[in-house]
Amino acid sequence: MGQLYEEQYVWRMPVRVYHWINALCVTILFITGLYIAAPVLSPSVGEAVWYHKMAWFRYIHFATAFVFIANFLFRLYWALFGEDKYGRFAGFKPWSPIWWGQPFKDQLRAYFFLKKEEPNYCGHNPVAALTHFLFIFCGSWFMVLTGLAMYGENNPGGFTDSLFGWVVLIFGSSQSMHTMHHLVAWVFPVYLILHIYAVVRHDIVDRSSVTSSIVTGYKHKVEECPEYAD
Amino acid sequence: MKKETTYQELLEARGVNRRDFLKFCSLMSVYLGFSSAFVPRIVRAMDTKPRIPVIWLHGLECTCCSESFIRSSHPIAADIVLNMISLDYDDTLSAAAGHQLEAIRKQIMKDYKGEYILAVEGNAPTKDDGVYCMVNGDSFTNMLKETAADAMAVIAWGSCASFGCVQNAKPNPTGATPIHKIIKDKPIVNVPGCPPIAEVMSGVITHLLTFGKLPELDRLKRPKAFYGTRIHDKCYRRPYFDAGMFVENFDDEGAKKGWCLYKMGCKGPTTFNSCSTVKWNEGTSYPIQAGYPCLGCSEPGFWDNGPFYTRLADVAFLGTNTNADKIGMVAVGAAAAGMAAHAVGTAIQKNNLKDETAKKEEG
């Protein structure tokens with residue numbers, strides 16, 4: 001367990017801004033998305049042309065999706081070219097057996113209570129990095145590609161369809177793609193639970209103020225800070 | 001067997017006057033999405049070009065495509081098509097049968113090598129050497145390959161030939177395979193639908209005749225002119241969709257008033273076809289207009305995207321038939337339970353550590 005020494009600036013402004021825009025977008029997208037699949041509000045009274053209830057939910061979903069995409073692309077840029085020690089991809093090498101070595105195993109064993117002393121990282125620990133890769137990186141790409149493919153369907157041969165329409169061929173039909181978009185959307189609430197729990201738990205166990213660090217950017221430096229980026 | 005009659009000669013012989021003939025040409029031009037400038041080209045093609053020989057094969061199918069085809073709203077369309085087929089080869093509509101009919105097929109393949117159109121209704125079972133569909137003592141798969149070898153182009157009529165339809169729905173016991181996965185070296189046009197709209201079928205033939213090539217196709221090899229928009233985008237009930245006024249039951253007020261059928265499982269938003277524009281039975285109606293949700297019959301794998309009357313499709317998952325929301329909620333529940341258990345574990349571990357530290361201090 002680490003001991004408090006000094007403040008350490010971990011999450012730089014671009015990472016924090018990305019985090020909160022992303023959190024907001026995912027929340028809006030998930031709620032509006034569920035509504036589009038199952039419009040539960042009771043119908044309005046009057047002529048159909050007076051109302052745009054369903055149209056608004058779809059509009060908000062699409063508009064938020066574009067903010068989400070822009071934010072996601074910005075984060076990718078930052079991860080590749082940002083020269084940010086804790087926000088870059090450089091340390092994450094799942095194709096290399098070395099990456100799956102002792103630090104990863106130690107962290108995993110600690111999470112499964114097989115190891116008493118928990119390693120402590122300034123940035124993401126290897127298990128956290130893998131989780132983010134699977135849920136956020138892969139999950140976001142999946143939702144963005146299927147989402148844009150569906151968005152282009154109102155105008156086959158148009159701009160969006162020309163760029164992303166091929167995605168539908170992976171799923172066979174548009175309906176299957178819709179189903180998978182809906183299914184994979186659930187990755188985000190599952191991730192949210194894991195994420196919130198892990199953060200709060202680390203804060204209690206390590207006392208490194210990881211929870212507030214995504215607002216302030218500062219964690220507290222702990223006794224041993226292994227040089228293991230990401 | 002060689003014939004050089006043009007469509008116009010044929011129609012004259014059958015007593016169709018010039019006025020009706022021109023009306024047919026204009027209609028086809030509209031369906032194909034051409035400007036009026038193209039009407040003379042269609043007229044000229046019909047006037048002068050010899051009829052394209054067509055061999056029409058039937059594989060695993062229900063003949064609903066043929067049934068639709070012979071009911072083209074415009075009488076001349078039916079005439080053209082029927083004559084063309086009955087004079088060449090179609091095992092359902094031909095007068096001849098048995099060896100005589102097979103001889104005709106062989107003759108056409110010889111006389112019009114590389115010039116005839118192969119129209120296929122239904123698909124081929126590939127499992128167990130194709131024994132699930134036998135024609136004239138041989139498997140349909142072999143017959144299809146043999147006939148396609150010398151064809152100019154292949155038209156896959158209907159969802160069976162295009163995508164597989166009901167016979168290749170899971171678990172696909174006969175290994176039913178759509179045409180484009182068997183015939184790889186010929187230009188293929190898919191004309192899906194269960195059945196396809198009659199006017200769409202005659203439209204494809206008219207295009208072939210006028211321009212001597214297949215119409216412009218989309219990613220799934222469907223003619224863009226007919227499969228270029230979703231039913232949803234040209235549906236006359238679309239305002240109810242946007243307003244959020246949905247039918248909740250087949251016998252509720254919304255159903256009576258003709259509201260949107262989205263919540264009744266309408267697949268209009270994911271189905272590319274001309275039902276909401278060309279319509280059926282001489283432009284009388286189409287499923288949604290009759291108060292019935294679109295089943296998406298012209299989409300690949302539509303049988304596996306059921307049930308028909310719910311928006312959310314069933315997903316086969318770990319041997320159960322569930323849906324995306326149920327899987328998602330179970331996953332969320334499992335994550336919450338897992339984290340709760342982990343929290344207990346963490347508390348116990350922390351307590352143990354505290355005890356150990358206390359013991360050390362005592363010792």
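Let's start with a pair of strands. Strand β3 (residues 117–121) and strand β7 (residues 153–157) of chain B run parallel and are joined by 5 bridges. Within that pair, B:L118 has B:V154 in β7(B) as its bridge partner. Two strands count as paired if DSSP finds at least two bridges between them. Helices (H or I, at least four residues) and strands (E, at least two) are DSSP runs, numbered from the N terminus.

Some housekeeping. This is a predicted model, in which local features need pLDDT of at least 70 and side-chain atom pairs count only at pLDDT 80 or more, while totals for chains, interfaces and linings use all residues. Residues are numbered from 1 along each chain as its sequence is written, and chains are lettered from A and ligands numbered from 1 in the order in which they are written.

Back to the sheet. It is open, has 5 strands, and its order is β2-β1-β3-β7-β9 (chain B), with parallel pairing. Which strands stand at the edges? They are β2 (89–90) and β9 (188–191) of chain B; each has a single partner strand, so one side of each is left without a neighbour in the sheet. As background, strands of a sheet pair through backbone hydrogen bonds, either parallel or antiparallel.

There is an antiparallel example too. β10 (residues 314–317) and β11 (residues 320–323) of chain B pair in that sense over 4 bridges. Opposite B:A316 stands B:N321 in β11(B). The two strands, β10(B) and β11(B), form a hairpin with 2 residues between them. In the turn, B:L318 has a positive phi of about 50°.

Next, the core. A nonpolar core is a set of buried Ala, Val, Leu, Ile, Met, Phe, Trp, Tyr and Cys residues joined through C-beta atoms within 7 Å. Buried means that 20 or more other C-beta atoms lie within 10 Å of a residue's own; exposed means 12 or fewer, and partly exposed is in between, with C-beta atoms placed from the backbone. The largest nonpolar core has 85 residues, and B:L118, B:V120, B:V154 and B:A156 touch the most other members. Helix α9 (residues 198–211) of chain B gives the largest share of this core, 7 residues. Where does this core lie? Domain 1 (7–227) and domain 2 (232–311) of chain B both give residues to it, so it lies between them. Those bounds come from an automatic or database domain assignment.

Take B:V120 as one case. Leaving out residues up to four places away in sequence, B:V120 touches B:L57, B:G59, B:L144, B:V154, B:A156, B:W157, B:A161 and B:I179. A second, separate core has 14 residues, including A:V26, A:L29, A:F188 and B:A324.

Contact means C-beta atoms, placed from the backbone, within 7 Å. By that test, 39 residues of chain B are in contact with 38 residues of chain A. On the chain B side, α11 (238–243) and α13 (324–362) are the elements that give two or more residues. The largest share, 13 residues, comes from α13(B). By class, that side has 19 nonpolar, 11 polar and 9 charged residues. Here Ala, Val, Leu, Ile, Met, Phe, Trp, Tyr, Cys and Pro count as nonpolar, Asp, Glu, Lys and Arg as charged, and the others, Gly among them, as polar.

Now the overall form. Chain B has 13 helices and 11 strands. Its radius of gyration, 28 Å, is well over the 21 Å that the globule rule gives for 363 residues, so chain B is more spread out than a compact globule. That radius is taken over C-alpha atoms, and the rule is 2.2 Å times the number of residues to the power 0.38. The C-alpha trace of chain B spans about 115 × 50 × 35 Å along its principal axes. Buried residues make up 43% of the chain's 363 residues.

Last, some backbone details. Most residues other than glycine have a negative phi, and most peptide bonds are trans. B:K170 and B:P171 are joined by a cis peptide bond, with omega about 5°. B:P171 sits in the loop between α8 (158–162) and β8 (176–177) of chain B. B:N172 is found in the loop between α8 and β8 too, and its phi is near 50°, a positive value. Another cis bond joins B:C194 and B:P195, with omega about 0°. B:P195 lies in the loop between β9 and α9 of chain B.

Definitions and conventions
Two residues are in contact if their C-beta atoms, placed from the backbone, lie within 7 Å.
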